[in-house]
Amino acid sequence: MVKIIVDAMGGDNAPQAIVEGCINAVEQEKDFNILLVGKESQINKILKDKKYTGTRIKVYNAEEVISNHDEPSKVVKQKKNSSMVVAFNLLKNGYGDLVISCGSTGAILTCSVMILKRLKGINRPALGTLIPTKTGNALLLDSGLNAECKPINYVQFAIMGTYYMRHLLGIKHPKVGLVNIGTEAEKGTETVKEAYELLRESEITFIGNVEGNDVIGGSADIVVCDGFTGNVMLKLLEGTASFFVGELKNIFFKNITTKLSALLVKEGIKSFKAKIDSDSLGGAPVLGIDGLVIKSHGNSNAKTIENVVIKGFNMAKSGFMNDLKKEFEKRRFS
């Protein structure tokens, strides 16, 4: 039975949306239990209000909360009884198989590195986010943890991404692209050019440099870049998707004629919305640390949490982490 530890106090909609999403998740899937970490009185009240009487959700009390105003580098020492720090320590001590949090990205990184530690052979962990493309989904990493990277980090991101896509999406030989301002090998900064050569010499399926339009076109299954670039790309994609959905609503609900037209393409619109829906794609794993950690976005709602919990369950039972550990234990990165 998989045990999922959830930081119930992280994010803009905590703890209400977190607890509701967890209730929905246990109703959708079997074979996992949830340990909600946070203010016990608040969590129990929501469970009672939602008339939850099952045994698969337990509560572990933690009275402090990490906010976006807390300095990430100090939270582990200064807020030891916070829901996030307690959740990570529970994972470290074997009380669960993974941690899910909607809290501060910086605080999650700090807890990941200071409490769980990096995997042997990994210089820097990376945040991997699935993004919609013309051919399906691509894994973007790093999508926000490392503003600057060394050339070797790109190779490590590519290897971690390869294992993730094999185990979670069933792609045996995922194609890796390096984000750049052009497809030519000589384009980009010195760091990116050196990363290109290292990726080309590695055993992964490297297809070369990719530009933004190539990413959306689905040319690569894995897209590697530094966290600054990745986060800008991710936020631009999310904003563009929201803009398109809003414009479609304006077009189809303008008058009675357009509303009738909307009925004719209803299924197509529904399919399009599902493809770019951040709630269904939510939940970015922190790759490269000694434990399974999933970061969900700060404004996650109950539906997002439900999907992220189920994604975490699938990650835990996939064997992904054990295989990734073995891969980096046999490597010698400088």
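Predicted model: local features only at pLDDT ≥ 70, side-chain atom pairs only at ≥ 80, totals over all residues.
Guide: Residues are numbered from 1 along each chain as its sequence is written, and side-chain values use heavy atoms, with hydrogens and water left out.

Visitor: Why is the pair of Phe 32 and Phe 313 called tilted?

Guide: Rings of Phe, Tyr and Trp (for Trp, its six-membered ring) pair if their centres lie within 6.5 Å, and planes under 30 degrees apart count as stacked, over 60 as edge-to-face and the rest as tilted. By this rule there are four aromatic pairs. The ring centres of Phe 32 and Phe 313 are 5.1 Å apart and their planes stand at 45°, so the pair is tilted.

Visitor: What parts does the pair of Phe 32 and Phe 313 tie together?

Guide: Phe 32 belongs to strand β2 (residues 32–38) and Phe 313 to helix α13 (residues 302–318), so the pair ties together parts that are 281 residues apart in sequence. Helices (H or I, at least four residues) and strands (E, at least two) are DSSP runs, numbered from the N terminus.

Visitor: Are Phe 32 and Phe 313 buried or exposed?

Guide: Buried means under 20% relative accessible area, exposed over 50% and partly exposed in between, with a 1.4 Å probe and protein chains only. Phe 32 has a relative accessible area of 0% and is buried, and Phe 313, at 4%, counts as buried.

Visitor: What makes Arg 56 lie over the face of Phe 32?

Guide: The rule asks that NZ of Lys or CZ of Arg be within 6 Å of the ring centre and within 35 degrees of the ring normal. Arg 56 lies over the face of Phe 32, at 5.0 Å from the ring centre.

Visitor: How do you know that the buried residues of α7 line one face of the helix?

Guide: In α7, Val 192, Ala 195, Tyr 196 and Leu 199 are buried. Seen down the helix axis, the buried residues fall within an arc of 110°, so they line one face of α7; the arc is that of the directions from the helix axis to the C-beta atoms. On the other side of α7, Glu 190 and Glu 201 are exposed.

Visitor: What does the radius of gyration of the chain agree with?

Guide: The radius is taken over C-alpha atoms, and the globule rule is 2.2 Å times the number of residues to the power 0.38. With 334 residues, a compact globule would have a radius near 20 Å, and the 21 Å of the chain agrees with this.
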